[in-house]
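User: I would like a close look at a single part of this model. Please keep it brisk.

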Amino acid sequence: MKLLIKHFAIHPVKALDARVRKHLRKLEPLRQIDEAIVDLACERETSPPYRVRVQLVTPGPDVFAEARDHTLGAALRKVMKRLARIIGDRAEKQRARIKQNLRAPGRLARSSA
């Protein structure tokens, strides 16, 4: 996985980048991640000031999520939970579609011949 972390009004800290990498690794078993683009920002004029935005480049549609909170750590946890939920929902939708397609041929066989 290629990882790009952008810092806006936040000093780059290796420990923070390592934390982001750790969270993203937990998502890899759920879906193949080719590239992750993470924006970490502190916007002091807004409340809550910390924003984390993530784009995951994956086979199929990309996955996007954004979260805000009063601490960077809390915003990071929120965005990772949202990503896991989005990925899980998509996987469930795909399983349901496959299940439906397996049942569909029986109904098509009764068409007029």
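Where is the place of Arg31?

Analyst: Arg31 sits in the loop between helix 1 (14-27) and strand 2 (35-42). Helices (H or I, at least four residues) and strands (E, at least two) are DSSP runs, numbered from the N terminus. Residues are numbered from 1 along each chain as its sequence is written, and side-chain values use heavy atoms, with hydrogens and water left out. The model is predicted: local features need pLDDT of at least 70, side-chain atom pairs count only at pLDDT 80 or more, and totals for chains, interfaces and linings use all residues.

The Arg31 side chain instead reaches the backbone oxygen of Pro59 at 2.9 Å. Not counting residues up to four places away in sequence, Arg31 touches (heavy atoms within 4.5 Å) Thr58, Pro59, Gly60, Pro61, Val63, Ile87 and Arg90.

Now strand 2. Seven of its eight residues are buried. Strand 2 runs parallel to strand 1 (residues 2-8), joined by seven bridges. Two strands pair if DSSP finds at least two bridges between them. Val38 of strand 2 stands opposite Ile5. With strand 3 (residues 50-57), strand 2 pairs in the antiparallel sense, over eight bridges. There, Ala41 has Arg51 as its bridge partner.

Definitions and conventions:
Polar contact = N/O pair within 3.5 Å; in protein donor to acceptor, adjacent residues only side chain to side chain. Buried < 20%, exposed > 50% of the residue type's maximum accessible area, 1.4 Å probe, protein only.
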